[in-house]
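Student: I have a model open here. Could we go through its packing together?

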Amino acid sequence: MSHPLPLLNATDLSIGYGNHILLSGLGLELLPGQLVCFMGPNGVGKSTLIRTLAGLQKPVTGEIRFSNGDTRSVSVVLTDRFTSAYMTVYELVAFGRYPYLGWNLKLSDEDKKTINRSLQQVNISSLANTKLHELSDGQMQLTMIARALAQDTSVILLDEPTAHLDLNNRLEIMNLLREVSHSMNKAVLVATHELDLALQTADEIWLAGRNNELLRGIPEDLILNGAFDRIFKLKGFDLRTGQVAHSVSREDTVHLLGSGFEYRWTKNAIERIGYPLTEENARFSVVIRRDVDGTLVWDVGNTHSFTTIGSLLAHLRQDQTGKTIQ
């Protein structure tokens, strides 16, 4: 199987400001149909790399090449807020077509089709005539992505596109970028702090440390080889499970039997209040089952049954004298 040609290629690239080098000796490529997440601690140069690859900032050393030699092959979404508050969503997205317009800046029918298609792709067609100051943060970010799509480039670079957004908007945007890269065969590079979302959506991760180097690989390999732990020095987050690691604060143990997401969240709740799980010599034996009417039930031994995890936890918090333990 032939290796696809990169849409963007950077060789011997060093980035920074003057004598202050943030990352050096980089050899990078962005492939069609690939979503790449660029991650690292604050201050390692995520925004600087995005601006450098976009041509908004000169590299300290090295060369950046596009597949067709045209810098119009790249569109960029930065964290800067757009200040023309009374412009409409349609007008802002139309800016994506300006690199292709003639001296009279008149949109052709084809330009208008591209704009409308871009609005549809991010599901904001209904907002076309809405003023920018009326948009939520999530809607504004989708508008900026629509503008990048309207520019119709092979490479899209985004700096923290999910910053300050709620969970639903963060999920929507990351899934959208993944769909754009895969269905439209574009190369999409996202600088992000969203570790959990990047692990679930990225085809490749670029991981920057503080020694001017950059590690590359698929998320699973970077987890297994310890790269994330070395660079982020994660405190209380278990990359093996993608969950917060709970500390043990109780001597008694629990044997939990069940399956599916019910088991996962019961396990999370029991460990969150400090009980370790074991298969042998446990004080509590908890079995998850469904009643004849489909109701979830948690049986503790042969004596107690509960229909919510909250009531189960209340029981487990009691010692043998009946006193509640927090």
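Student: Which residues have the most contacts inside the largest nonpolar core?
Tutor: Leu177 and Ile205 do, in a core of 46 residues. A nonpolar core is a set of buried Ala, Val, Leu, Ile, Met, Phe, Trp, Tyr and Cys residues joined through side-chain atoms within 4.5 Å; buried means under 20% relative accessible area with a 1.4 Å probe, protein chains only. Helix α4 (residues 137-150) gives the largest share of this core, eight residues. Helices are DSSP runs of H or I, at least four residues, numbered from the N terminus.

Student: And what should I know about the model itself?
Tutor: It is a predicted model, in which local features need pLDDT of at least 70 and side-chain atom pairs count only at pLDDT 80 or more, while totals for chains, interfaces and linings use all residues. Residues are numbered from 1 along each chain as its sequence is written, and side-chain values use heavy atoms, with hydrogens and water left out.

Student: Back to leucine 177: what does it touch?
Tutor: Leaving aside residues up to four places away in sequence, Leu177 touches Leu35, Ile145, Leu158, Pro161, Val188 and Val190. Contact means heavy atoms within 4.5 Å.

Student: Which residues of α4 meet α5?
Tutor: Gly138, Gln141, Leu142, Ile145 and Leu149 do, and their partners in α5 include Ile173 and Leu177.

Student: Changing topic, which residues of α9 are buried?
Tutor: Glu262, Thr266, Asn268, Ala269 and Ile270 are the buried ones. Just after α9, glycine 274 has a positive phi of about 100 degrees.

Note on methods. Buried < 20%, exposed > 50% of the residue type's maximum accessible area, 1.4 Å probe, protein only. Helix = DSSP H or I, 4+ residues; strand = E, 2+ residues; numbered from the N terminus.
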